[in-house]
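The following note gathers comments on the ligand site and on the ion pairs of the model.

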Amino acid sequence: MNGRYCLARLVTIILLGLDCMGPCPGAGPAETTLQDAFKADFLIGAALNPSQFSEQNKMQAALVKAQFNSISPENILKWSSIHPAPGRFNFGPADRYVEFGEANRMVIVGHTLVWHQQTPKWVFEGANGQPATRDELLARMKEHIFTVVGRYRGRIKAWDVVNEAVEADGSLRASPWLKIIGDDFLEKAFQFAQEADPAAELIYNDYSLENPAKRAGALRLIKSLQAAGVKISGVGLQSHHRLDKPSAEQVEATITDFAKLGVKVMITELDVDVLPSPQKSLSAEVSQNFQAEDRLNPYTAGLPDALQAKLAARYAKLFGIYLRHRDAITRVTFWNVTDADSWLNSFPVRGRTNYPLLFDRQGQPKPAFAAVLQVAALAKSADGEK
Ligand code: GLA
């Protein structure tokens, strides 16, 4: 074990209040992989960009194959990428993505069908540039879902059907989908997805569901879909976290609250932002953009050890929670693979050097990686003792 792993292990042990100061069972976490460590618990996924799934970036493709057994597409299945103009579909990248997942026997996720972002303007326009009518937009939604879900039927196992439809206060977001179609746009999206692939898992995906008001809105939404007899298989907790927010208690209560509805819980976009935040409250609303300032980008030369340890401790705590709820949680997906590729280098401020993932810019495991494996090893040995 090198110094970094020792540090991560110590942090994990202290944090979880574990009594394990001698040689721990399963010590040497660097020798195992994420997917193996959690094999009996949940899938471990990563969101990929084209250089990874096309294997143009060989180092990263190898890392993905070794560590992950599920993949999500970071951008290529979003409406603006796959369906940029009426009647024009750009299936090439999505075909490569699905082929990569199949060749490596991974569980392939589709993201996302109905969203207010990365959706071209024409989708919401009728003839003469007027807003589309309800019927026009419903027909477009149906065509999009039937074409995209239908093409990968039986191959893409789970779809984020609707992304981010709830506001911070729990109300439905006043997106063009809601304004033009009305409240039942979610029902329709899920129904079309079910018709297009009856066997697929259908997910409602959102950020900041740890915030009680927003969570209450999403819980209401899922209950209303269930009451209407719509198939909804799971909730996706995006989990774009910070070092100190949301609290462990909020994370845990969120998982428990959704699990009570009988839906699967998936952690769909996990990362931990370590940089100073210009935001008043934690939000992954992608339209936000703040002015770059040096004080908001303090670690361009590397992450100080103390923060590296905090990141490891945060990840250890999160995975401790996930393991306690492994009956409800079916997948934990990271939003990309290495720090170099994370969207958090450009959100909510462009051009920063962030460190939100388990692998550094060279693809090397960070102390947080060892800490996560250590949590799995300790949980396994605790299970063995029962
Ligand atoms: C949201 C979306 C993702 C992605 C991230 C930022 O969380 O669900 O598709 O756009 O923002 O990369």
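A residue is called buried when its relative accessible area is under 20%, exposed when that area is over 50%, and partly exposed in between. The structure discussed here is a predicted model.

1. The pair Arg155 and Glu102. Arg155 has a relative accessibility of 32% and therefore counts as partly exposed. Glu102, at 36%, is partly exposed as well. The two side chains form a salt bridge, with an N to O distance of 2.8 Å. Because Arg155 sits in the loop between helix H7 (134-151) and strand E4 (158-163), while Glu102 belongs to helix H6 (residues 92-103), the pair ties together parts that are 53 residues apart in sequence.

2. The pair Asp184 and Arg134. In this salt bridge the closest N and O atoms are 2.9 Å apart. Asp184 is located in the loop between helix H8 (176-181) and helix H9 (185-196) and Arg134 in helix H7, so the contact ties together parts 50 residues apart in sequence. Asp184 is partly exposed, with a relative accessibility of 21%; Arg134 is also partly exposed, at 31%.

3. The pair Asp339 and Lys366. What is the N to O distance in the salt bridge between the side chains of Asp339 and Lys366? The distance is 2.7 Å. Both Asp339 and Lys366 lie in the loop between strand E9 (329-334) and helix H13 (367-385), 27 residues apart, and the pair links distant parts of the chain. Asp339 and Lys366 are both buried.

4. The structure contains 16 salt bridges.

5. Surroundings of the ligand. The residues around the ligand are Lys78, His111, Trp115, Gln118, Asn163, Glu164, Gln238, His240, Glu269, Val286, Trp335 and Trp343. Sorted by class, this shell comprises four nonpolar, five polar and three charged residues.

6. Which distances separate polar side-chain atoms from oxygen atoms of the ligand? For Glu269, an N or O atom of the side chain is 2.4 Å from a ligand oxygen. For His111, a polar side-chain atom lies 2.5 Å from an oxygen atom of the ligand. For Trp335, the corresponding value is 3.0 Å. The ligand taken alone exposes 300 Å², of which the protein buries 96%.

Conventions
Residues are numbered from 1 along each chain as its sequence is written. This is a predicted model: local features need pLDDT of at least 70, side-chain atom pairs count only at pLDDT 80 or more; totals for chains, interfaces and linings use all residues. Side-chain values use heavy atoms; hydrogens and water are left out. A residue is near a molecule or strand if one of its heavy atoms lies within 4 Å of it. A polar contact is a pair of N or O atoms within 3.5 Å; within protein, one must be able to donate a hydrogen and the other to accept it, and residues adjacent in sequence count only if both atoms are side-chain atoms. Accessible areas come from the Shrake-Rupley method with a 1.4 Å probe; for residues, only the protein chains shown count as cover. Ala, Val, Leu, Ile, Met, Phe, Trp, Tyr, Cys and Pro count as nonpolar, Asp, Glu, Lys and Arg as charged, and the others, Gly among them, as polar. A salt bridge is a side-chain nitrogen of Lys or Arg within 4 Å of a carboxyl oxygen of Asp or Glu. Helices (H or I, at least four residues) and strands (E, at least two) are DSSP runs, numbered from the N terminus. Buried means under 20% relative accessible area, exposed over 50%, partly exposed in between (1.4 Å probe, protein chains only).
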